[in-house]
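Please look through the sequence and the model shown below.

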Amino acid sequence: MVKRVLRFCWTVRYEFLKYTIVGTSGVFIDMGTLIAFKEFLSLSPTTAVFLNQALLMVYNFTLNKYWSFKSVSVPHKQMIRYLTLAVFNYSFSVATMYLFNGIFDFDYRLVRLCTIIVAVSWNFLLFKYWVYKD
């Protein structure tokens, strides 16, 4: 079992590295737009995360499709799968922001970073084997 897991990790290492680069750059864009929307446009944290997630969806879909996973499948089928996953991630992000910032008053930046870390855990496998599956 462990040997199989290690073999799998070895075979997807380059895709995972690219996925991680896209994700890391996305975190900077995510946090930058979130802070800009909140601090400079005076939007609520929930509204700010609502808007910045739309920007990140386009960025992540495009770079992961063409660079990380080098997918050649028809984009509209992948877009439907991607949007399904994005709606789940989006709902998770907004609900988490509402719960932990809106109700429990945790710092909105910390809440966002934590939701990003949690989402990374399931997104790589879903992107590789479901969204960008050729």
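In which helix is the place of Met31? Met31 is in helix H2; helices (H or I, at least four residues) and strands (E, at least two) are DSSP runs, numbered from the N terminus. The model is a predicted one, in which local features need pLDDT of at least 70 and side-chain atom pairs count only at pLDDT 80 or more, while totals for chains, interfaces and linings use all residues. Residues are numbered from 1 along each chain as its sequence is written, and side-chain values use heavy atoms, with hydrogens and water left out.

Is Met31 buried or exposed? Met31 counts as buried because its relative accessibility is 13%. Buried means under 20% relative accessible area, exposed means over 50%, and partly exposed is in between (1.4 Å probe, protein chains only). Leaving aside neighbours within four places in sequence, Met31 is in contact with Arg109, Arg112 and Leu113; contact means heavy atoms within 4.5 Å. Met31 and Leu113 are 82 residues apart along the chain, yet their C-alpha atoms are separated by 8.2 Å.

Now consider the chain as a whole. Its secondary structure comes to 5 helices and 0 strands, and along the sequence the pattern reads α-α-α-α-α. Taken along the principal axes, the C-alpha atoms fill a box of roughly 45 × 35 × 20 Å. Of the 134 residues in the chain, 35% are buried. Among contacts with a separation of 6 or more, 70% join residues 24 or more positions apart. The chain exposes about 8300 Å², and carbon and sulfur atoms supply 74% of that area; accessible areas come from the Shrake-Rupley method with a 1.4 Å probe, and for residues only the protein chains shown count as cover.

Helix H5 covers residues 108-131. It has 24 residues, but its end C-alpha atoms are only 29 Å apart, short of the 34 Å that a straight helix would reach at 1.5 Å a residue. The expected span is 1.5 Å times one less than the number of residues. H5 also has a kink of about 35°, centred on Val120; the bend at a residue is the angle between axes fitted to the seven residues ending there and the seven starting there.

Which residues of H5 are buried? They are Tyr108, Val111, Arg112, Thr115, Ile116, Ala119, Asn123, Phe124, Phe127, Lys128 and Val131. An α-helix has 3.6 residues a turn, so residues three or four places apart point the same way. The cover over the buried residues of H5 includes helix H2 (13-40), helix H3 (45-68) and helix H4 (75-103). In H3, the buried residues include Pro45, Ala48, Val49, Asn52 and Leu56, and the buried residues of H3 pack against H2, H4 and H5.

Two loop residues have a positive phi. Ser42, in the loop between H2 and H3, has a phi near 55°, a positive value in a residue other than glycine. Ser42 counts as exposed because its relative accessibility is 62%. Lys70, in the loop between H3 and H4, has a phi near 45°, and Lys70 too is a residue other than glycine.

The structure holds 3 salt bridges, a salt bridge being a side-chain nitrogen of Lys or Arg within 4 Å of a carboxyl oxygen of Asp or Glu. In one of them, Asp30 pairs with Arg112, and the closest N and O atoms are 2.6 Å apart. Asp30 lies in helix H2 and Arg112 in helix H5, so this pair ties together parts that are 82 residues apart in sequence. Asp30 is buried, with a relative accessible area of 3%, and Arg112 is buried at 5%.

Lys128 forms a salt bridge with Glu15, again with the closest N and O atoms 2.6 Å apart. This pair links distant parts of the chain, with Lys128 in helix H5 and Glu15 in helix H2, 113 residues apart. Lys128 is buried, with a relative accessible area of 18%. The side chains of Arg109 and Asp107 also meet in a salt bridge (2.7 Å, N to O). Arg109 counts as partly exposed at 34% relative accessibility, and Asp107 counts as partly exposed at 34%.

Lys18, in helix H2, is buried yet has no salt bridge. The nearest side chain of opposite charge, Glu15, is 8.1 Å away from Lys18; Lys and Arg count as positive and Asp and Glu as negative, while His and the chain ends are not counted. Leaving aside neighbours within four places in sequence, Lys18 is in contact with Trp67, Ser68 and Lys70.
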